[in-house]
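The points are grouped by topic.

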Amino acid sequence: MSSVPLTVPRVVIAAPASGHGKTTVATGIVKALTDRGFTVAPFKVGPDYIDPGYHSLAAGRVGRNLDPYMVGTERIAPLFAHGAAGADIAVVEGVMGLYDGATGEGELASTAQVAKLLGAPVLFVVDAAAQGRSIAALVHGFRSFDPAVRIAGVVLNRVGSENHRRILTEALDELGVPVLGALRREAAVAAPSRHLGLVPVAERRAEAVAAVAALGALVDAGVQLDEIYRLARSAPPLDVAAWDPAAEAGRRSCARPRIAVASGPAFTFSYAENAELLAAAGAEVCPFDPLHDEKLPENIGGLVLGGGFPEVYAPELAANEALRDQVAQFARLGGAIAAECAGLLYLGKSLDGLPMCGVVDAEAVMTDRLTLGYRHAVAACESVLAAAGTRVSGHEFHRTAVSPSAGSPPAWHWRRDGGAVTEGFAGTRIHASYLHLHWAGAPSIARRLVESCGVV
């Protein structure tokens, strides 16, 4: 597909570090602009699944991720163009601090890199609760660190008083950096968190709706939305061809297998492009909820069990014995199964002592240790997900541990801390692993899974 100039206004929301209020400001801007009648395309830098859920709620359209590590830098602008189609403005929430990315990989996967790839101006959110004139030194340092990153405005978060706001604004005026908003401390918009971050929207929808509405009202009152829209319009045209799942997935299968995809509160971690690639490869995607559905969808040839929080819902998952038996029967009959993280735990023998599906000969428990980080991995054997030797880039993010940690054969090989790692469980009809993948980074995954399906 030939490239065309993309002129959608766009702005990146960044901060000096985590905890300064990026999600508050980004979600509030998306909601406030949507309430004013704009069609807003929301994005999140990095592998985060939870923030895009709040973005989706605010925008009324799917929130998407932009992760150069997982999909490659060359796909960031095309994926952005795909997700921003038909939008009046795109709002991109950053990850961690502006220049933080994959450990040991320079700027790779940082908010700064994505801002440059999109040619987007940066709106810098600073928690000003304990700052005065020194805020100018902080902003100056971030602005001068990489002149190719355009910090074009600041939103002050957690401002204590009108006098406090005036001190901060005067300091930033000396730099020529405009203050485009100031938010006071506001408990009503706090979202609950737990061991892996915010609680997903699917687990607290009524409360999430109220929190997002409060964020929109807070931002509408405290941020200069007209100026932010003007800032977004200053982004130059991007000469890019939009990402096309049909072109990426390759030739559509003559058959049209039905593939069941786990959803609901226990399985909330998924990228929209994964399902789009499955559909483009010829599958009929059939969502189901392992918490409540006692049967798998009818006449399926494949089963996808993505990420989420099964440890929170282990009693309910264990109590749904009818579905656990169906999953085990599907595996015994040779159904194609792809599982990652939560899916791996659900397929195991037990989770915190409670019975799961027993498809994978492993037991899982919650731990105090957070396993977190990007991984370059190589498929250890032939499976429904990947040919042996396939190279992928993924992400681990969990506080559980399975024993044993790998089967024979394992799913992946990678290196960590200078040593070789084998991880996951794989075979000709199954692939179960902790590794999260964004299938846009390896679209052959979707095509291979669809071609592996036969009605069971």
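Contact here means heavy atoms within 4.5 Å. The model is a predicted one. With that cut-off, Ile29 touches Ile13, Val91, Leu123, Val219, Leu225 and Ile228, residues up to four places away in sequence being left out.

**Nonpolar cores**
- The largest nonpolar core comprises 119 residues, of which Ile29, Phe80 and Trp439 touch the most other members.
- In soluble globular proteins, nonpolar side chains tend to be buried together.

**Helix H15**
- Helix H15 spans residues 444-452, and its residues Ile445, Ala446, Leu449, Val450 and Ser452 are buried.
- An α-helix has 3.6 residues a turn, so residues three or four places apart point the same way.
- The packing partners of the buried H15 residues are helix H11 (272-280) and the strands E12 (258-262), E14 (300-305) and E15 (336-340).

**Thr371 in strand E18**
- Strand E18, which runs over residues 363-379, contains Thr371.
- Thr371 counts as buried because its relative accessibility is 9%, and buried means under 20%.
- A polar contact of 3.0 Å joins the side chain of Thr371 to the side chain of Arg369.
- Beyond its neighbours within four places in sequence, Thr371 is in contact with Glu396, Phe397, His398 and Arg416.

Key
Residues numbered from 1 in each chain as written. Predicted model: local features only at pLDDT ≥ 70, side-chain atom pairs only at ≥ 80, totals over all residues. Heavy atoms only, no water. Helix = DSSP H or I, 4+ residues; strand = E, 2+ residues; numbered from the N terminus. Buried < 20%, exposed > 50% of the residue type's maximum accessible area, 1.4 Å probe, protein only. Polar contact = N/O pair within 3.5 Å; in protein donor to acceptor, adjacent residues only side chain to side chain. Core = buried A, V, L, I, M, F, W, Y, C linked by side-chain atoms within 4.5 Å.
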